[in-house]
Amino acid sequence: MHSILHSGIYPPLPTFFDQQEELDLATLRRHIQALADSGIAGYVLMGSNGEAVHLSSAERAQVIATTREAVEQSMPIIAGCGEQSTRATIGLCQQAARAGADVALILPPAYYRSRMDAGTLVAHYRAIADSSPLPIVLYNMPSSAAGLDLDADSICTLAQHPNIIGLKDSAGNITKLAQVIADVPADFRVFAGNAGFFLAALAVGAVGTVSALANIFPHEVCLLQALFEDGQLEEARSLQARIIPANAAVTTIYGVPGLKAALEYTAGYGGKPRMPLQPLSESEREKLAAILKATPVES
């Protein structure tokens, strides 16, 4: 079961919309094609960058099915399935399996944040893992979960469950990541949730990254891991530093609208997010373009 998740780079794909805010599956297929030969290991759908919270259940299934048709069978598809109730999350895992996903990525529920202590969250994830037809990757992203940060003990406890196979960590606490990687089973895979701390995560034992930047600069993010694995640390450090400004632009600074604008700039497609998200203003677009232009692209 654990061998489903290869080491490497998993771009979290945006969900594309037309001018009427309807799904634009043709652009999704175009983007998948653009990434196909870049060296990536698989695809993530409906992560934070996929605007999962803006999609209906039927739309989620359409996005997964469209992607499954468009990618090689050997390429794993990880689908975001986190919901606010345990029951609804299990339902999304079942739906994702029917639509063709291989792995479910699950953000903790945070609506009733004050009641989400470690015991509650462990029980939530165990119940999902017991019933899900798909193996589970834990998704730790405090900025998308009302500040909720899965603690190391909970992660290590959950890693013992045979159907919980990995962690995507976007919090970037390298000390905690090192502690988790030292304590989980050898086949539990830990991924950096952001290219900004990718090299540091690799250094403590992460096996890849799920990073927005890989939608824009997949070769560079793949190269960073290759340099690290090849022992070329000086080159890896230099590349890590060079991609940080662009990475920040499409994550913390401009978010999903920034990622879509960056794709417009680099690939000629991207489109708008769904409301309430607004596309970037003209001045934001100019700042973003300047950052992207300054990012050295590997020839």
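Met 46 lies in the loop between strand S2 (43-45) and helix H2 (57-70); helices (H or I, at least four residues) and strands (E, at least two) are DSSP runs, numbered from the N terminus. The model is a predicted one, in which local features need pLDDT of at least 70 and side-chain atom pairs count only at pLDDT 80 or more, whereas totals for chains, interfaces and linings use all residues. Residues are numbered from 1 along each chain as its sequence is written, and side-chain values use heavy atoms, with hydrogens and water left out.

Most residues other than glycine have a negative phi, and most peptide bonds are trans. Phi of Met 46, however, is positive, near 55°. With a relative accessibility of 4%, Met 46 counts as buried (buried means under 20% relative accessible area, exposed over 50%, and partly exposed in between, with a 1.4 Å probe and protein chains only). Beyond its neighbours within four places in sequence, Met 46 is in contact with Ala 52, Leu 55, Arg 60, Val 63, Ile 64, Ala 79 and Gly 80, where contact means heavy atoms within 4.5 Å. From Met 46 to Ser 56 there are 10 residues in sequence and 11 Å in space, C-alpha to C-alpha.

Ala 146 also has a positive phi, of about 55°, although it is not a glycine. This residue sits in the loop between strand S5 (136-140) and helix H5 (152-158). Ala 146 counts as exposed, at 55% relative accessibility. Another backbone feature is the cis peptide bond that joins Met 275 and Pro 276, with omega about 15°. Pro 276 is found in the loop between H10 and H11.

Aromatic rings come next. A pair of aromatic rings is described by the distance of the centres and the angle of the planes. The structure holds 3 aromatic pairs; rings of Phe, Tyr and Trp (its six-membered ring) pair if their centres lie within 6.5 Å, and planes under 30 degrees apart count as stacked, over 60 as edge-to-face and the rest as tilted. One of the pairs is formed by Tyr 10 and Phe 191, whose ring centres are 5.4 Å apart with planes at 80°, so this pair is edge-to-face. Because Tyr 10 lies in the loop between strand S1 (8-9) and helix H1 (25-35) and Phe 191 in strand S7 (residues 189-192), the pair ties together parts that are 181 residues apart in sequence. Tyr 10 is buried, with a relative accessible area of 0%, and Phe 191 is buried at 3%.

Phe 16 and Tyr 269 make another edge-to-face pair, with ring centres 6.0 Å apart and planes at 70°. Here too distant parts of the chain are linked: Phe 16 is in the loop between S1 and H1, and Tyr 269 is in the loop between helix H10 (255-267) and helix H11 (282-293), 253 residues apart. Both Phe 16 and Tyr 269 are buried.

An unreviewed UniProt entry places a "binding site" annotation on Val 210; UniProt positions are given in the numbering used here, feature names are shortened, and annotations may be inferred rather than shown by experiment. Val 210 is in the loop between strand S8 (208-209) and helix H8 (218-229) and is buried, with a relative accessible area of 5%. Not counting residues up to four places away in sequence, Val 210 touches Tyr 10, Pro 12, Val 44, Lys 168, Phe 191, Ala 192, Gly 193 and Asn 194.Turning to the whole chain, there are 11 helices and 8 strands. Of the 299 residues, 55% count as buried. The largest nonpolar core has 88 residues, and those with the most contacts inside it are Ile 136, Leu 138, Phe 188 and Leu 288; a nonpolar core is a set of buried Ala, Val, Leu, Ile, Met, Phe, Trp, Tyr and Cys residues joined through side-chain atoms within 4.5 Å. Helix H9 (residues 233-253) gives the largest share of this core, 6 residues. A second, separate core of 14 residues includes Tyr 10, Leu 105, Tyr 139 and Ile 165. Among contacts between residues at least 6 apart in sequence, 70% join residues at least 24 apart. Along its principal axes, the C-alpha trace spans about 50 × 45 × 40 Å.
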